[in-house]
Amino acid sequence: MFEKLQRAFWKALTPDLIAETVTAPKQSLLSAEVLNALGGADNLKSQQRVALTRVRVQLQDVAKMDAAALKAAGVPGGMVLADGVVHLITGL
């Protein structure tokens with residue numbers, strides 16, 4: 001009972017949250033420009049849409065990511081975390 005209530009509460013707080021699914025790098029959630037700014041499709045380990053406006057990617061090598069090219073490709077912001085994980089804002 002508590003778990004159902006907790007899920008309903010969380011869903012009310014985050015209406016744009018999407019069910020957790022991990023997409024293989026070959027089925028890209030991102031445009032070609034964004035992929036190039038992240039170091040190319042070969043640099044992606046995984047990608048996952050976590051909300052309507054957010055994508056989480058895991059990179060092989062974070063040093064290959066070009067922040068200026070990401071902004072030019074239409075990604076207004078992002079956050080680099082540990083283990084090559086990057087959260088990208090893909091919309092407003």
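Modeller: A strand here is a DSSP run of E with at least two residues, a helix a run of H or I with at least four, both numbered from the N terminus, and two strands pair if DSSP finds at least two bridges between them. This is a predicted model, where local features need pLDDT of at least 70, side-chain atom pairs need 80 or more, and totals for chains, interfaces and linings use all residues. Residues are numbered from 1 along each chain as its sequence is written, and side-chain values use heavy atoms, without hydrogens or water.

Four strands make an open sheet, in the order β1-β2-β4-β3, and their pairing is antiparallel. Because β1 (44–51) and β3 (77–80) each have a single partner strand, they stand at the edges, and one side of each has no neighbour in the sheet.

Now follow β1 to its partner. Six bridges join β1 to β2 (residues 54–59) in the antiparallel sense. Two residues lie between β1 and β2, and the two strands form a hairpin.

Finally, step back into the loop between α2 (32–37) and β1, where you will find Asn43. Asn43 counts as buried (under 20% relative accessible area, with a 1.4 Å probe and protein chains only), because its relative accessibility is 2%. A polar atom of the Asn43 side chain lies 2.9 Å from the backbone nitrogen of Asp61. Beyond its neighbours within four places in sequence, Asn43 is in contact with residues including Leu38, Gln58, Leu59 and Lys64; contact means heavy atoms within 4.5 Å.

Key. Buried < 20%, exposed > 50% of the residue type's maximum accessible area, 1.4 Å probe, protein only. Polar contact = N/O pair within 3.5 Å; in protein donor to acceptor, adjacent residues only side chain to side chain.
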